[in-house]
Amino acid sequence: MKSLMRKKSVSAVVTVLVLVGSAFLYQNCGNSFQLKEDFAKSLSASSAGALELVQKEQEPIVTGVEIAFEVKGAGVQTGAAYAWSINATSSGCHGHQEVAAPSVYSVHCESPAEVTLYAQVTNPNGQSAQISRKISVVASMATPTPAPSGNASQVFTIKAGTGNSPWNTSATALEMYVGQTLRFTNADSVNHQLHVDRYNPSPDLNGRPCAHSPSPIAPGASYDCVLTKAYDPSVHPPMWDHLVGTNARFYIQVLDGQALYATSCASCHGALAASTKKKRTASQITNSLTSVDDMRSLSLTPAQVRAIAYALSL
Ligand code: HEC
């Protein structure tokens, strides 16, 4: 009975602190958010801990750029649930919780706005606390859409009328290789934006196969996705239209020919840069896999052979 009472009074104190906190103690100072020290101390005495809403990367908060925020707090337990919302003075602001990292919320505005972010954290033990943060999104000086650049190895057109639909299907997944560049060209009448995991707690899963599109791709504009890492849609985090949600998928398979050459071929034919088999085609390699005794033990898929041929062609 006594412990029950104590629990009740602790949560009452937390509730009061949260209410008082959001009313008086949070101050919006541009990019930096200040939490009065006595408040932080008293809340950290509870098991929810003092919460902070920190900007993940120190980029300017401007239109067209996506800004990610993360809830931090000593008392936040593993497995905590996060409920997010935003309130913005412009309808051109969108926010979404990162699927792989629910403590992270990304916001972007297409026009200047005052935005308040709200996060409610609930620990597995049921205790919860909330925090809010105000940000001012100002007009960007830069062009919101990156100009096409680099050498596109392949162009993927986001078709007119795509809207909220997937960009392609697993059956029509592209096959490309590390080192190539995939240019997305938006032939639709609305913005699209390529989502790639960035804040996954397993760092190896981030940025596969290329960087998240930094801003929406406007109608007629392009985004060059430079393929730096292998990507298998059945293993790696899905890619989708950031402005629509996880159902609007994009499918691609990216193989790393350099890595495959290093593990399957280099022992006999030397390091890639000095390979004795430069410029061999996929069909030459396929033939050698059955005709050369020493190579019969190798087992490679046709796609892996094409990726190795690409690496040998450079
Ligand atoms: C265990 C050793 C070994 C491995 C591993 C191996 N090869 Fe070979 N490969 C040979 C030998 C031996 C020959 C025949 C002699 C020659 O042509 O060098 C050969 C021949 C070839 C040929 C046909 C001849 C030519 O010059 O066009 C190609 C193509 C080839 N290898 C490519 C590869 C590729 C690509 C890999 C990796 C997927 C690979 N090999 C892995 C030993 C190996």
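Predicted model: local features only at pLDDT ≥ 70, side-chain atom pairs only at ≥ 80, totals over all residues.
View 1. Helices (H or I, at least four residues) and strands (E, at least two) are DSSP runs, numbered from the N terminus. Two strands pair if DSSP finds at least two bridges between them. Strand S3 (residues 51-55) is joined to S4 by five bridges, and the two run antiparallel. Four bridges, again antiparallel, join S4 to strand S7 (residues 104-109); here Phe69 stands opposite Tyr105. A residue is buried if 20 or more other C-beta atoms lie within 10 Å of its own, exposed if 12 or fewer, and partly exposed in between, with C-beta atoms placed from the backbone. Five of the seven residues of S4 (residues 67-73) are buried, so the strand is largely enclosed by the rest of the structure.

**View 2. The antiparallel sheet S5-S8-S9.** This open sheet has three strands in the order S5-S8-S9, with antiparallel pairing. Its edge strands, S5 (81-88) and S9 (128-137), each pair on one side only. From one strand to the next the twist averages 15°, taking axes as lines fitted to C-alpha atoms (for helices over the stretch in contact) and angles from 0 to 180 degrees between N-to-C directions. Look for the eight bridges that join S5 to S8 (residues 113-122), where Ala88 stands opposite Val115.

View 3. Another open sheet of three strands has the order S10-S12-S14, with mixed pairing. S10 (154-158) and S14 (222-226) are the edge strands, each pairing on one side only, and the twist averages 25° from one strand to the next. S10 and S12 (residues 181-186) pair in the parallel sense over five bridges, and Ile158 stands opposite Asn186. Ala160 lies in the loop between S10 and S11. Ala160 is exposed because it has 12 other C-beta atoms within 10 Å. Leaving aside residues up to four places away in sequence, Ala160 touches Ala187, Asp188 and Ser189; contact requires C-beta atoms, placed from the backbone, within 7 Å.

View 4. The 12 residues of H6 (residues 302-313) should span 16 Å at 1.5 Å a residue, and the end C-alpha atoms are 16 Å apart, which agrees; the expected span is 1.5 Å times one less than the number of residues. Buried residues of H6 include Val305, Ile308, Tyr310 and Leu312. The helix's buried residues pack against S11 (174-177), S17 (252-255), H3 (257-264) and H5.

**View 5. The shell around the ligand.** Sixteen residues surround the ligand, the closest being Ser264, Cys265, Cys268, Ser288 and Asp294; a residue is near if its C-beta atom, placed from the backbone, lies within 6 Å. Helices H4 (266-269) and H5 (282-291) each supply at least two residues of this shell.

How values were computed:
Residues numbered from 1 in each chain as written. Contact = placed C-beta atoms within 7 Å.
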